[in-house]
Amino acid sequence: MTDALSMTRRSVVAGLGALPLAAALRTPAIAQAADVPIGMVLPFSGATGAYGPAMKQAADLVVSKVNDSGGILGGRKLKLFIEDSETSATTSVTASKKLLEVNKVELVGGFWGSPEALAAKPIILAANKVQMLSCAANAVTEGDTKGLIYRLQAKSSQWGPAGAKVMERIGAKKVTVLAQQNPFIVAMVEPFKVEMAKIGGEVIDVVMYNPDQASYRAEVEKAFGPEPDAVFVLPLLTDMVSISKEIYRGGFTSKVVSLGTGADAEGKFLQAVGPEVAEGIYHLQPAPPIESASYARFVKEMGAPEGTVFLFAGNAWDQICITALAMEHAKTQEAAVWTKSVREVCNPPGEFVDDVVEALKMIRDGKKINFNGAGCTCDFDEKGDSLNRSFYVQLIKDGKNTPFAVVS
């Protein structure tokens with residue numbers, strides 16, 4: 001179902017109030033004995049570096065909120081360690097090892113990118129610690145996860161059908177796919193084709209390309225040359241910048257529907273290509289519960305104007321909340337034990353609560369809770385994948401990202 005948004009004043013931002021990188025990553029090497037150590041691998045540099053600062057700000061805020069209210073497990077404080085993924089799978093492995101072996105964390109969270117999460121997954125599972133994610137590749141929650149992995153994001157196979165629903169809304173029946181070759185994106189293609197068929201559309205071609213190519217001209221000409229109604233462009237930021245310039249130079253007129261990871265990236269895309277090149281591009285990405293009281297409270301906590309849309313920072317907030325609540329419920333910081341309490345504190349049935357401090361009090365009082373977060377409802381299936389996700393669609397118009405629809 002697709003519903004038009006009534007919002008008129010929305011902005012998508014990253015890094016509100018964030019510290020410079022050097023300060024952001026400056027934390028003591030070893031936590032005090034009484035602390036409960038948890039860690040995050042977040043992007044502060046590389047192709048996805050735009051997302052890290054706001055995610056860090058959110059995580060820091062909720063840690064302070066929990067600690068200022070008395071902590072968990074009889075007064076113990078959360079101690080958060082953060083490492084830069086550098087948008088690199090190799091660096092993420094090194095960062096995860098440091099968090100596990102040096103900082104002795106019970107959670108390795110964050111993981112905006114799928115390659116980074118997939119590379120770190122076996123290391124974290126081997127250590128019997130919990131991995132929480134804000135990435136989409138289906139493979140992250142496949143196989144034997146020991147019940148230790150939780151995704152606070154829509155998985156890749158859910159993005160494809162959402163893209164098809166945007167195509168339906170803009171009247172595009174004959175479409176082409178132009179997609180980067182990576183696990184996050186590849187998993188979107190077949191579900192997109194299936195959903196297009198359901199709505200009476202047709203995918204006439206799928207054109208794949210490799211990240212970091214010197215040029216994307218040949219692929220753009222192949223995708224746009226047959227003049228489809230629209231092209232579903234599945235990129236990250238750096239390749240979308242190059243691809244959109246090729247589309248503009250070529251004078252192609254097919255509509256463009258893309259991912260927010262490429263055609264938004266917290267406003268970095270518009271900054272890179274300018275309004276003329278970006279005009280008319282639709283883009284989508286999983287959305288927080290924008291109209292909920294819990295999201296409004298989160299925006300206020302972040303010190304942002306009412307109506308600000310944080311697309312990923314809420315995921316980091318929720319990861320810390322869930323960890324604290326599950327540990328309190330299980331009465332231990334031992335990952336292999338408290339992981340079993342995640343669905344106990346998050347999924348219905350239970351008394352609805354969206355404030356982590358109040359939720360901790362309720363757990364201590366022996367109440368069954370149904371925690372809802374800032375980034376999502378925090379309901380999980382048996383594999384640890386998020387349920388009930390929707391997608392926020394924007395249209396670049398007159399040099400601005402403007403609300404277009406929410407699809408689910």
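Trainee: Quick one to start: are Asp-385 and Arg-151 buried or exposed?
Mentor: Asp-385 and Arg-151 are both buried. Buried means under 20% relative accessible area, exposed is over 50%, and partly exposed lies in between, using a 1.4 Å probe and protein chains only. Keep in mind that this is a predicted model, where local features need pLDDT of at least 70, side-chain atom pairs count only at pLDDT 80 or more, and totals for chains, interfaces and linings use all residues. Residues are numbered from 1 along each chain as its sequence is written, and side-chain values use heavy atoms, with hydrogens and water left out.

Trainee: What does Asp-385 form with Arg-151?
Mentor: A salt bridge, with the closest N and O atoms 2.6 Å apart. Asp-385 sits in the loop between strand S15 (369-371) and strand S16 (390-397), while Arg-151 is in strand S7 (residues 149-151), so the pair links distant parts of the chain, 234 residues apart. A salt bridge here is a side-chain nitrogen of Lys or Arg within 4 Å of a carboxyl oxygen of Asp or Glu. Helices (H or I, at least four residues) and strands (E, at least two) are DSSP runs, numbered from the N terminus.

Trainee: How many salt bridges are there in the whole structure?
Mentor: A search turns up 13 salt bridges. One of them joins the side chains of Lys-65 and Asp-355, at 3.7 Å from N to O. Those two are 290 residues apart, with Lys-65 in helix H2 (residues 52-68) and Asp-355 in the loop between strand S14 (351-353) and helix H15 (356-364).

Trainee: Which residues are in a network with Lys-65?
Mentor: Salt bridges link Lys-65, Glu-301 and Asp-355 in a network. Lys-65 is partly exposed at 21% relative accessible area, and Asp-355 counts as buried at 18%.

Trainee: And which residue does Asp-354 pair with?
Mentor: Asp-354 has a salt bridge to Arg-297, with 2.8 Å between the closest N and O atoms. Asp-354 is in the loop between S14 and H15, and Arg-297 is 57 residues away in helix H11 (residues 293-301). Asp-354 is buried at 17%, whereas Arg-297 is partly exposed at 34%.

Trainee: Switching topic: how many cavities of 30 Å³ or more does the structure hold?
Mentor: Two. On a 1 Å grid over the protein atoms alone, a cavity is a set of points where a 1.4 Å probe fits but cannot get out, and lining residues have an atom within 4 Å of a point. Points are joined across faces, edges and corners, and the volume is the space filled by probe spheres set on them.

Trainee: What lines the largest cavity?
Mentor: The largest cavity holds about 70 Å³ of space. Its lining includes Lys-65, Arg-297, Asp-354 and Asp-355. H11 gives the largest share, three residues. The lining divides into six nonpolar, two polar and four charged residues. Ala, Val, Leu, Ile, Met, Phe, Trp, Tyr, Cys and Pro count as nonpolar, Asp, Glu, Lys and Arg as charged, and the others, Gly among them, as polar.

Trainee: How much space lies in the second largest cavity?
Mentor: About 30 Å³. Among its lining residues are Thr-145, Tyr-150 and Arg-343.

Trainee: Last topic: how many disulfides does a search find?
Mentor: Zero, taking a disulfide as a pair of cysteine sulfur atoms within 2.5 Å. For Cys-135, the nearest cysteine sulfur is that of Cys-376, 13 Å away. For Cys-378, the nearest is also that of Cys-376, at 4.0 Å. Cys-378 is buried at 0% relative accessible area.

Key:
On a 1 Å grid over the protein atoms alone, a cavity is a set of points where a 1.4 Å probe fits but cannot get out, and a pocket is an open set with protein on both sides within 12 Å along at least five of seven lines; lining residues have an atom within 4 Å of a point.
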